[in-house]
Amino acid sequence: MLGENVRTAEVIDPIMTLQEIAGYLKVSEKTILRMVQSGELPGVKISNQWRFVRGVIDEWLSRRMFSAPKQSLLNVIGSAQSIIPITRLVSPPRIILGVAPGGKETILKQLVAPLVEDGLVTDPDRYVELLLEREETVSTGIGHGLAIPHVRDPERSTIASPCIVIGICREGADFGALDGQKTFVFAMPCSSSENVHLRLLAKITLIFRQPGVLTKMTEASTKKDIMEILAITDHELMGLSID
């Protein structure tokens, strides 16, 4: 079993080329060059070629997403025809209203439990270990009371069907948030595809940064209330029908 303060073995992040990072972030190579040359995007030049460490890019992306323009996030999510309503990604069994505060492992185990019940995760200890590896890079507690825990390398995940697990900790938990404040809402995207993973991150960021949403979530008394908050916010942002 994992110890509460376990430090997992170091995992070497893949090195990505200019073409690969452009595909990963879904922007043109010209845009990537402009960003890295201006110092906006972290990269290193080796033998006159730009190279990028995905763990570093993921950290940069986590910090940038919460303040990214709405249209930029919509571009990541995809076209109107390909947008998946959040009510198809979150279901009542994947909502935990009473997440008990504690260390990161304690909280992550609670978030993984619904995936085990759904049969999407067969080795919960291993999945929690992968989540903790990501936390070793930088906390996924992005601040404002929200954390978006996820596997650092989606391809190492065993989740075949994309989904999102929502956890509400009314007392607030010390999750190492970047702003030093307690975390009350956890939104865990689950996917084994890099592109889908980025789209889930963008959708979560876009919905949860809307004024009042986090407060409404922490004050919700039922899972039905949570689903309604998500559906209404998704509808207002992207013009989707409410399921």
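The axes of helix 1 (residues 18-25) and helix 2 (residues 29-37) approach within 9 Å and cross at roughly 105 degrees; axes here are lines fitted to C-alpha atoms, for helices over the stretch in contact, and angles run from 0 to 180 degrees between N-to-C directions. Helix 1 and helix 2 are therefore roughly perpendicular to each other, a term that covers angles of 65 to 115 degrees. This is a predicted model, in which local features need pLDDT of at least 70 and side-chain atom pairs count only at pLDDT 80 or more, whereas totals for chains, interfaces and linings use all residues. Residues are numbered from 1 along each chain as its sequence is written, and side-chain values use heavy atoms, with hydrogens and water left out.

**The helix 1 and helix 2 contact**

- Helix 1 contributes L18, Q19, I21, A22 and L25 to the contact, and helix 2 contributes E29, I32 and L33; contact means heavy atoms within 4.5 Å.
- The residues of this contact divide into 6 nonpolar, 1 polar and 1 charged. In this classification Ala, Val, Leu, Ile, Met, Phe, Trp, Tyr, Cys and Pro count as nonpolar, Asp, Glu, Lys and Arg as charged, and the others, Gly among them, as polar.

**The chain as a whole**

- The chain has 9 helices and 8 strands, where helices (H or I, at least four residues) and strands (E, at least two) are DSSP runs numbered from the N terminus.
- Of the 243 residues, 50% count as buried, that is, under 20% relative accessible area with a 1.4 Å probe and protein chains only.
- Among contacts between residues at least 6 apart in sequence, 69% join residues at least 24 apart.
- The accessible surface comes to about 11,400 Å², of which 52% belongs to carbon and sulfur atoms; the areas come from the Shrake-Rupley method with a 1.4 Å probe.

- Strand 2 and strand 3 (residues 49-53) are joined by 3 bridges in the antiparallel sense, and I46 has Q49 of strand 3 as its bridge partner.

- Strand 4 and strand 7 run parallel and are joined by 2 bridges; I95 is partnered by I166 in strand 7.
- Strand 7 and strand 8 run antiparallel, with 7 bridges between them, and the bridge partner of C163 is C190 in strand 8.
- Strand 6 (residues 146-147) runs parallel to strand 8 (residues 183-190) and is joined to it by 2 bridges. In strand 8, V185 is the bridge partner of L146, and F186 is that of A147.
- Strand 7 (residues 163-173) has 9 of its 11 residues buried, so it is largely enclosed by the rest of the structure.
- Strand 8 is mostly covered, with 7 of its 8 residues buried.

Definitions and conventions: Parallel < 35°, antiparallel > 145°, perpendicular 65-115°, else oblique. Pairing = 2+ DSSP bridges.
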